[in-house]
Amino acid sequence: MVVNSNATPIRWTYAGTTITTVDIQYSLDGITNWTTIDSGVVVANGSTYIWPQVPGIKTTGAKIKVFDSFNPNVTNTSGSFNIVGDLRVLSPNGGENWKAGELKFVTWYSSQVSSVQPYYSLNNGTNWTEIGGPVSAGDGGVNWTISNNTQVSNNALFKVEDISNPGVVYDTSNGTFAVIGYLDITAPENGVPVLAEDPYNITWNTKGTGMDNIVLQYRANDNSSWINVKNASNSSETAPNLGYYLWPSVSGNVLSNYCKIRVYDPNNLNTSNEGVNYFPLRGSIQVGAPNGNEMWGVGTSQNITWTKKGNISSV
């Protein structure tokens, strides 16, 4: 039984018709100092009765006694049982998204526990890894530095256990949380121009292992749709997560001063980043003629030629 629990059942059976109500008591040592839990309880409630609150003291020799409210000689005492400490995970407790490379604070509630060991699992509890060493349960939490090379996972759990009774007094997250990767676009962003129909090397920083592929997309302004950089006809096509991608020929269909690039993990859309501010996507013009060393006579008619890159409508 857990200290301070308000959901612990007490069960008894009875025979005959003379017993109508019972009194219920407990003793922390099973011998002396009996304390009343409840009195005048309908005897038929022996299959449904819940102990209102287990005492907040640990013991290895507690007992329960149930007796006829009107005839204490009609009684029965349980065997010895333990009252153990209480541990409950507070955070992360399911549904969170914590990034590789971040410093997080894992927390718990404790009662009648001295020292605890925190753990995390990346595979839904199959394997556990210690978060530091044992700490005082009363600290209520500990820092967890999620290393840059932590395996990303959508099935992470947190566990905290009593050092002195680890197989009995412990708690895990109510649900899984995610350890997600970190992505940060470094180019293009923040006003750095990109030329249409030229190659461009898109770069980003990444943290977290196991995030082998990413999706790169761009858009011309905040009101336009995202277009896949690698394959404009497939918005979800992936590219290797190498920290760079050579865009062979930047699309020049729409020229704009309000373009953005974003990158995300297709396995967890919470791992996403857009470049800082906008970048301009510009066209370019190359004069073909005259281009130097020509000798054009006064009053003659000559062709001036040029080529363009990008959707430039007039010059």
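Is N273 buried or exposed? In this predicted model, N273 has a relative accessibility of 18% and therefore counts as buried, the limit being under 20%. The residue belongs to strand β26, which spans residues 268–274. Its side chain reaches the backbone nitrogen of I185 at a distance of 2.7 Å. Beyond the residues up to four places away in sequence, N273 touches L183, D184 and I185, and also I261, R262 and V263.

A polar atom of the S256 side chain lies 2.7 Å from the backbone oxygen of A220. The side chain of S256 also reaches the backbone nitrogen of Y258, at 2.9 Å. When neighbours within four places in sequence are left aside, the contacts of S256 are A220, F279, P280 and L281.

Strands β18, β20 and β24 form an open sheet in the order β18-β20-β24, and the pairing is antiparallel. Strands β18 (182–187) and β24 (244–247) each have a single partner and stand at the edges, so one side of each has no neighbour in the sheet. On average, neighbouring strands of this sheet are turned by 25° against each other, direction ignored. The antiparallel strands β20 and β24 are joined by four bridges. Y200 stands opposite W247 of β24.

W247 is also one of the residues with the most contacts inside the largest nonpolar core, together with I202, W204, L216, V229 and I261. This core comprises 23 residues. Two or more of its residues come from each of β18, β20, β21 (213–219), β24, β25 and β27 (279–282). In soluble globular proteins, nonpolar side chains tend to be buried together. The surroundings of L216 were examined in turn. Not counting residues up to four places away in sequence, L216 touches I185, I202, W204, I227, N228, V229, Y245, I261, R262 and V263. Another core, of 21 residues, lies apart from the largest one and includes V89, V113, A156 and V160.

Side chains of opposite charge can pair when their charged atoms come close. The model contains six salt bridges. One of them joins D198 and K309, whose closest N and O atoms are 2.8 Å apart. This pair links distant parts of the chain, the two residues being 111 residues apart. D198 sits in the loop between β19 (194–195) and β20 (200–207), whereas K309 is in strand β29 (residues 305–309). K309 has a relative accessible area of 33% and is therefore partly exposed, as this value falls between 20% and 50%.

A further salt bridge connects R219 and D222, with 3.7 Å between the closest N and O atoms. Its two residues fall into separate accessibility classes: R219 has a relative accessible area of 14% and is buried, while D222, at 42% relative accessibility, counts as partly exposed. The side chains of K159 and E161 likewise meet in a salt bridge, with an N to O distance of 3.7 Å. Both K159 and E161 are buried.

Terms used: Residues are numbered from 1 along each chain as its sequence is written. This is a predicted model: local features need pLDDT of at least 70, side-chain atom pairs count only at pLDDT 80 or more; totals for chains, interfaces and linings use all residues. Side-chain values use heavy atoms; hydrogens and water are left out. A salt bridge is a side-chain nitrogen of Lys or Arg within 4 Å of a carboxyl oxygen of Asp or Glu. Buried means under 20% relative accessible area, exposed over 50%, partly exposed in between (1.4 Å probe, protein chains only). Two strands pair if DSSP finds at least two bridges between them. Axes are lines fitted to C-alpha atoms, for helices over the stretch in contact, and angles run from 0 to 180 degrees between N-to-C directions. A polar contact is a pair of N or O atoms within 3.5 Å; within protein, one must be able to donate a hydrogen and the other to accept it, and residues adjacent in sequence count only if both atoms are side-chain atoms. Contact means heavy atoms within 4.5 Å. A nonpolar core is a set of buried Ala, Val, Leu, Ile, Met, Phe, Trp, Tyr and Cys residues joined through side-chain atoms within 4.5 Å.
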